[in-house]
Amino acid sequence: IGMYAILEDQAVEQGVLRIERVADSVQFADFIHVVTCGMEDISFREYYERLIDFSFEAKDYEQLYVGYLDEEPVSCGILTLKSNVAGIYSLVTVPEQRNKGFGSAMMYELLMRAQM
């Protein structure tokens, strides 16, 4: 089972959402906050800490991203790049910000970064 999309046909207006790759422990905490929807479960943190190389180098094939709205983390996602294949995982928007296009904007941004 798979999905595909022609990216040229998928223009999504990001509006005020600022999407950044996680580059430090503060942004990692923002990622954890979004992916757990504010329920700071230690098992989630431990899982993602094991998954990610905390050198945050550009060549890492597991890349975490956080979307910010007025400096508040509201969406997140993981882009995996390996052997010319891209995967997108843990695409989450906090409940109070859902249905505003932030998940679509994050998906589109990660698809664009996968092409780079």
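A: Start with how the elements are named: helices (H or I, at least four residues) and strands (E, at least two) are DSSP runs, numbered from the N terminus. This is a predicted model, where local features need pLDDT of at least 70 and side-chain atom pairs count only at pLDDT 80 or more, while totals for chains, interfaces and linings use all residues. Residues are numbered from 1 along each chain as its sequence is written, and side-chain values use heavy atoms, with hydrogens and water left out.

Q: Is Glu109 buried or exposed?

A: Buried means under 20% relative accessible area, exposed over 50%, and partly exposed in between (1.4 Å probe, protein chains only). Glu109 is buried, because its relative accessible area is 18%. Arg113, at 24%, counts as partly exposed.

Q: Which residues do salt bridges join into one network?

A: Arg18, Glu20 and Glu71 are joined through shared partners. Arg18 meets Glu20 at 2.5 Å, N to O. Arg18 also forms a salt bridge with Glu71, with the closest N and O atoms 3.1 Å apart. That pair links distant parts of the chain: Arg18 is in strand S1 and Glu71 in the loop between S2 and S3, 53 residues apart. Glu71 is exposed, with a relative accessible area of 56%.

Q: What is the order of the strands in the sheet?

A: Strands of a sheet pair through backbone hydrogen bonds, either parallel or antiparallel. Two strands count as paired if DSSP finds at least two bridges between them. In this model, four strands form an open sheet in the order S1-S2-S3-S4, with antiparallel pairing. S1 and S4 stand at the edges with a single partner strand each, so one side of each has no neighbour in the sheet. S3 and S4 pair over seven bridges.

Q: Which residues of H3 are buried, and what covers them?

A: The buried residues are Phe102, Ala105, Met106, Tyr108, Glu109 and Leu110. Their cover includes strands S1, S2, S3 and S4.

Technical notes
Contact = heavy atoms within 4.5 Å. Salt bridge = Lys/Arg side-chain N within 4 Å of Asp/Glu carboxyl O.
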